[in-house]
Amino acid sequence: MPRYEYRCRPCDETFEVSRPMAESSAPASCPSGHEDTVKLLSTVAVGGSAASSAPATSAGGGGGGCCGGGCCG
């Protein structure tokens, strides 16, 4: 189940809520009970193994990079 991060405006605390994606935009109360919260934009880092057997290519060299070469450029 995805975890969403929120910040409470009155107490300035950050907290997480686990809920289904279908409820991702539903309001969330902070652990202290305040209703004035804002959902934070979370970033996700995805990486591969550093010990890859594939040769490294430079940007624009047609090697595919992060997305297989279809959308990078």
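Analyst: **The hairpin and its surroundings**

Asp12 takes a positive phi near 60° in the hairpin of strand 1 and strand 2, where 5 residues lie between the strands. Strands here are DSSP runs of E with at least two residues, and helices are runs of H or I with at least four; both are numbered from the N terminus. The model is predicted, so local features need pLDDT of at least 70 and side-chain atom pairs count only at pLDDT 80 or more, while totals for chains, interfaces and linings use all residues. Residue numbers start from 1 along each chain as its sequence is written, and side-chain values use heavy atoms, with hydrogens and water left out.

First, the setting. The protein chain has 3 strands and 0 helices. Its order along the sequence is β-β-β. Strand 1 and strand 2 run antiparallel and are joined by 5 bridges. Two strands count as paired if DSSP finds at least two bridges between them. Across this pairing, Glu5 stands opposite Glu16 in strand 2. Strand 1 also pairs with strand 3, again antiparallel, through 3 bridges. There, Tyr6 stands opposite Lys39 in strand 3.

Now the faces of strand 1. In a regular strand the side chains alternate between the two faces of the sheet. Buried means under 20% relative accessible area, exposed means over 50%, and partly exposed lies in between (1.4 Å probe, protein chains only).

The largest nonpolar core has 7 residues: Tyr4, Tyr6, Cys8, Phe15, Val17, Ala28 and Cys30. Strand 1 (3–8) and strand 2 (14–18) each supply at least two of its residues. The largest share, 3 residues, comes from strand 1. A core of this kind is a set of buried Ala, Val, Leu, Ile, Met, Phe, Trp, Tyr and Cys residues joined through side-chain atoms within 4.5 Å.

The whole structure holds 1 aromatic pair. Tyr6 and Phe15 form it, stacked, at 5.6 Å centre to centre with 15° between the planes. Rings of Phe, Tyr and Trp (its six-membered ring) pair if their centres lie within 6.5 Å; planes under 30 degrees apart count as stacked, over 60 as edge-to-face and the rest as tilted. Tyr6 is buried at 3% relative accessible area, and Phe15 is buried at 8%. Ala28 touches both Tyr6 and Phe15. Other contacts of Ala28 include Val17, Arg19 and His34, leaving aside residues up to four places away in sequence. Contact means heavy atoms within 4.5 Å.

Next, the charged side chains. The structure holds 3 salt bridges. Each is a side-chain nitrogen of Lys or Arg within 4 Å of a carboxyl oxygen of Asp or Glu. Side chains of opposite charge can pair when their charged atoms come close.

Asp12, the residue with the positive phi, meets Arg7 in a salt bridge at 3.4 Å, N to O. Asp12 counts as exposed at 52% relative accessibility. Arg7 is partly exposed at 28%.

Glu16 and Arg3 meet at 2.5 Å, N to O. This pair links strand 2 to strand 1, with the two residues 13 apart. Glu16 is partly exposed at 45%, whereas Arg3 counts as exposed at 53%.

Arg9 and Asp36 make another salt bridge, at 3.2 Å, N to O. Arg9 lies in the loop between strand 1 and strand 2, and Asp36 in the loop between strand 2 and strand 3 (37–39), 27 residues apart. Both ends are partly exposed: Arg9 at 47% and Asp36 at 36%.

Glu13 also belongs to the loop between strand 1 and strand 2. Glu13 is partly exposed, at 47% relative accessible area. It touches Tyr6, Arg7 and Cys8, not counting residues up to four places away in sequence. The C-alpha atoms of Glu13 and Ser32 are 9.3 Å apart, for residues 19 places apart along the chain.

Last, the whole chain. Of its 73 residues, 15% are buried. The chain exposes about 5700 Å², and carbon and sulfur atoms supply 52% of that. Accessible areas come from the Shrake-Rupley method with a 1.4 Å probe; for residues, only the protein chains shown count as cover. Among contacts between residues at least 6 apart in sequence, 28% join residues at least 24 apart.
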